Amino acid sequence: TAWGLLPAVVTSNGSNNQETPRIYSLSQNYPNPFNPVTRINFSIAKGGLVKLTVYDAVGREAAVLINGELDAGLHNYDLDASQFTSGIYFYKLEAGEFSETKKMILLK
């Protein structure tokens with residue numbers, strides 16, 4: 001069962017950065033394990049289409065957190081997983097040629 005597109009809660013300082021990141025990166029969510037809110041930080045080296053997706057433990061899409069254009073810079077997303085069941089989830093960032101996946105644990 002997919003929850004679909006969740007309301008975006010993206011905080012960023014985008015092009016107002018003192019220095020634009022030169023690399024793409026996806027950080028480990030914090031806190032982890034979490035209940036029910038966790039923050040996902042990531043950096044985008046070049047503005048463009050960005051997709052941040054959450055998958056359940058068997059690889060089914062649980063939610064699309066971001067699917068749109070973002071400016072280069074440091075960004076974060078506060079995920080409220082109160083509608084999710086306890087367990088292991090994976091979150092994947094796709095931006096340009098960059099793709100990275102990390103694991104997070106929801107304990108209720």
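## Salt bridges

The count here comes to four salt bridges. Keep in mind that we're looking at a predicted model. The general idea is simple: side chains of opposite charge can pair when their charged atoms come close.

Let's start with Asp78 and Arg39, whose side chains meet in a salt bridge at 2.7 Å, N to O. This pair ties together distant parts of the chain, with Asp78 in strand 6 (residues 73-80) and Arg39 in strand 3, 39 residues apart.

## Two more pairs

Asp56 makes a salt bridge with Arg60, and their closest N and O atoms are 2.8 Å apart. Asp56 has a relative accessible area of 12%, and because buried means under 20%, Asp56 is buried.

Then there's Glu94, which meets Lys92 in a salt bridge at 4.0 Å, N to O. Glu94 is partly exposed at 29% relative accessibility, and Lys92 is partly exposed at 23%.

Now hop over to Ser43, which sits in strand 3 (residues 37-44).

Leaving aside residues up to four places away in sequence, Ser43 touches Pro21, Ile23, Tyr24, Ser25, Gly73 and Leu74.

## Strands and a sheet

How many helices and strands does the chain have? You'll find zero helices and eight strands, so to speak a run of β-β-β-β-β-β-β-β from the N terminus on.

Four of the strands form an open sheet in the order 5-4-7-8, with antiparallel pairing. At the edges are strand 5 (61-70) and strand 8 (98-106), each pairing on one side only. Neighbouring strands in this sheet are turned by 15° against each other on average, direction ignored.

Zoom in on strand 4 (residues 48-56): eight bridges join it to strand 5, and the two run antiparallel. For example, Gly48 has Leu70 in strand 5 as its bridge partner.

## The whole chain

Stepping back, 35% of the 108 residues count as buried. The accessible surface comes to about 6100 Å², and carbon and sulfur atoms hold 50% of that. Among contacts with a separation of 6 or more, 63% are between residues 24 or more positions apart.

How values were computed. Residues are numbered from 1 along each chain as its sequence is written. This is a predicted model: local features need pLDDT of at least 70, side-chain atom pairs count only at pLDDT 80 or more; totals for chains, interfaces and linings use all residues. Side-chain values use heavy atoms; hydrogens and water are left out. Two strands pair if DSSP finds at least two bridges between them. Axes are lines fitted to C-alpha atoms, for helices over the stretch in contact, and angles run from 0 to 180 degrees between N-to-C directions. Buried means under 20% relative accessible area, exposed over 50%, partly exposed in between (1.4 Å probe, protein chains only). Contact means heavy atoms within 4.5 Å. Accessible areas come from the Shrake-Rupley method with a 1.4 Å probe; for residues, only the protein chains shown count as cover.
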